[in-house]
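Okay, thanks for making time, everyone. Have a look at the model on the screen and I'll talk you through a few spots.

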Amino acid sequence: MKVMKFGGTSVGTPQRMKEVAKLITSDPGEKIVVLSALSGTTNTLLEISNLLANNDREGAGQKIAGMEKYYRAFVQELLTNETIIDKANKVLAEHFEFLTIILKISFSEALLKDILAQGELLSTKIFSLYLEEQNVDYVLLPALDFMTLDNQDEPQVGTIKVKLVQLLQHYKDNKIFITQGYITRNAKGEVDNLKRGGSDYSASLIAAAINASACEIWTDIDGMHNNDPRVVKTTMPIKQLSFDEAAELAYFGAKILHPASIWPAQFFNVPVRLLNTMQAEAAGTLITETAGSTGVKAVAAKDGITAIKIKSSRMLLAYGFLRKVFEVFEKYRTAIDMITTSEVAVSVTIDSDTYLDEIKKELEALGSVEVDTNQTIVSIVGNEITETKEVMKKLFDSLSAIPIRMVSYGGSRHNISVLIPKNYKEQTLQLLNKGLFGLE
Ligand code: ASP
Ligand code: MG
């Protein structure tokens with residue numbers, strides 16, 4: 001059995017939804033199909049929640065009405081059979097009634113999660129009705145019946161496996177299972193989610209739980225590319241990546257795959273395929289334990305980075321200084337991405353500014369602190385690149401005109417990262433496209 005996950009744009013129009021149905025039915029094997037919400041829906045639900053949180057009930061009500069109109073038109077265009085259209089309208093009535101009721105109750109974090117869950121509940125129900133209309137045999141498996149988080153909000157693969165295997169036993173003769181990405185229950189049994197973009201994570205957790213033969217992530221691009229197609233003219237898809245390489249790329253900016261989705265696949269050794277709904281025959285990118293080849297494969301950029309330099313003469317010849325620095329970040333649950341040190345200073349980067357003021361204040365007890373916001377990490381990723389000839393030379397030759405703030409080399413064999421001010425990002429990616437790949 002395999003997992004096929006379709007993102008928001010792949011189900012974002014009635015036409016695209018029909019194509020997804022074709023894709024899953026033309027492939028004869030058993031599969032669990034994981035769907036995101038229609039593109040734009042989770043954003044709209046978040047806007048509705050923000051309006052409610054600010055007590056703007058009228059504004060929220062208008063947004064809900066606009067959304068309902070959109071969904072009514074969507075099912076009208078998708079479906080033709082009157083009985084099925086009736087069913088779809090009942091589904092919409094039920095979910096929009098819920099959204100209307102929330103206008104009358106007081107806003108809370110738990111309610112926010114319920115609101116955000118509507119997108120995936122709607123997309124899977126609408127898609128299921130289309131399958132019904134097409135006489136396709138399918139089973140809708142509610143993610144809220146098997147996806148669970150522990151009290152640290154981490155998914156419980158063991159429990160998910162037990163629940164899913166039990167559920168699947170009831171349907172020995174069925175081949176197509178539909179479920180929601182993104183949504184889950186938390187340790188309290190409430191509706192929760194795997195954070196924005198979390199449908200990929202759902203797919204790989206499910207693939208791990210059922211020991212799937214593959215986890216296919218279908219989007220609107222033919223795999224992971226060697227560079228950002230929005231910034232450089234020419235990019236090419238990468239044929240194969242190791243889990244480690246894919247994790248670096250996903251974390252450091254390749255938008256195509258949620259970074260958290262790598263570990264379940266890697267741990268349970270399920271190959272991941274990145275495929276294109278618009279071009280189903282394209283090879284896409286295969287992610288497995290092995291890298292396939294050595295050398296530079298891709299560059300990726302991650303914005304919104306803050307660099308913090310802590311300078312102290314107490315660091316000279318001292319031990320334990322770094323522990324004290326790291327403890328501050330641990331206290332504020334802020335992850336560090338890059339680190340560089342000299343004998344009297346250490347620089348680190350973080351990608352969340354939530355506790356910047358508190359962190360800065362506490363670090364000042366350890367030395368003088370300098371903060372640079374609006375930085376970008378550019379990562380060069382490839383199998384054994386630190387052993388690949390001339391990579392450093394090409395890198396620095398290409399970037400001779402860029403003010404590099406930090407360099408991280410040797411942390412792993414497949415990543416070299418540089419930190420630059422964000423306004424140099426485009427130029428940096430273009431220079432590297434030429435210098436490392438010979439592309440414009
Ligand atoms: N619908 C959710 C989001 O937009 C989850 C996902 O699409 O992956 O973040
Ligand atoms: Mg996504």
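**Strand 13 and its neighbours**

So, strand 12 (residues 336–341) and strand 13 pair in the antiparallel sense over four bridges. Strands here are DSSP E runs of at least two residues, helices are H or I runs of at least four, both numbered from the N terminus, and two strands pair if DSSP finds at least two bridges between them.

Before I go on, the housekeeping. This is a predicted model, where local features need pLDDT of at least 70 and side-chain atom pairs count only at pLDDT 80 or more, while totals for chains, interfaces and linings use all residues. Residues are numbered from 1 along each chain as its sequence is written, chains are lettered from A and ligands numbered from 1 in the order written, and side-chain values use heavy atoms, with hydrogens and water left out.

Back to the strands. Strands 12 and 13 make a hairpin with three residues between them, and Thr340 sits opposite Ser347 in strand 13. Strand 13 also pairs with strand 11 (residues 295–311), antiparallel again, over six bridges; there, Thr306 stands opposite Ile350.

How many residues of strand 13 (residues 345–350) are buried? Six of its six, where buried means under 20% relative accessible area, exposed over 50%, and partly exposed in between (1.4 Å probe, protein chains only). In a regular strand the side chains alternate between the two faces of the sheet. Here Ala345, Ser347 and Thr349 point one way, and Val346, Val348 and Ile350 the other.

**The ligand**

Now ligand 1. The residues around it, meaning those with a heavy atom within 4 Å, include Glu120, Tyr182 and Gly197. For polar contacts, think pairs of N or O atoms within 3.5 Å. A polar side-chain atom of Arg196 is 2.6 Å from a ligand oxygen, and a side-chain N or O atom of Thr42 is 2.7 Å from a ligand nitrogen. Ser199 uses a backbone N or O atom, 3.0 Å from a ligand oxygen. Taken alone, ligand 1 exposes 260 Å², and the protein buries 86% of that; accessible areas are Shrake-Rupley with a 1.4 Å probe, and for residues only the protein chains shown count as cover.

**One last residue**

Key: A polar contact is a pair of N or O atoms within 3.5 Å; within protein, one must be able to donate a hydrogen and the other to accept it, and residues adjacent in sequence count only if both atoms are side-chain atoms.
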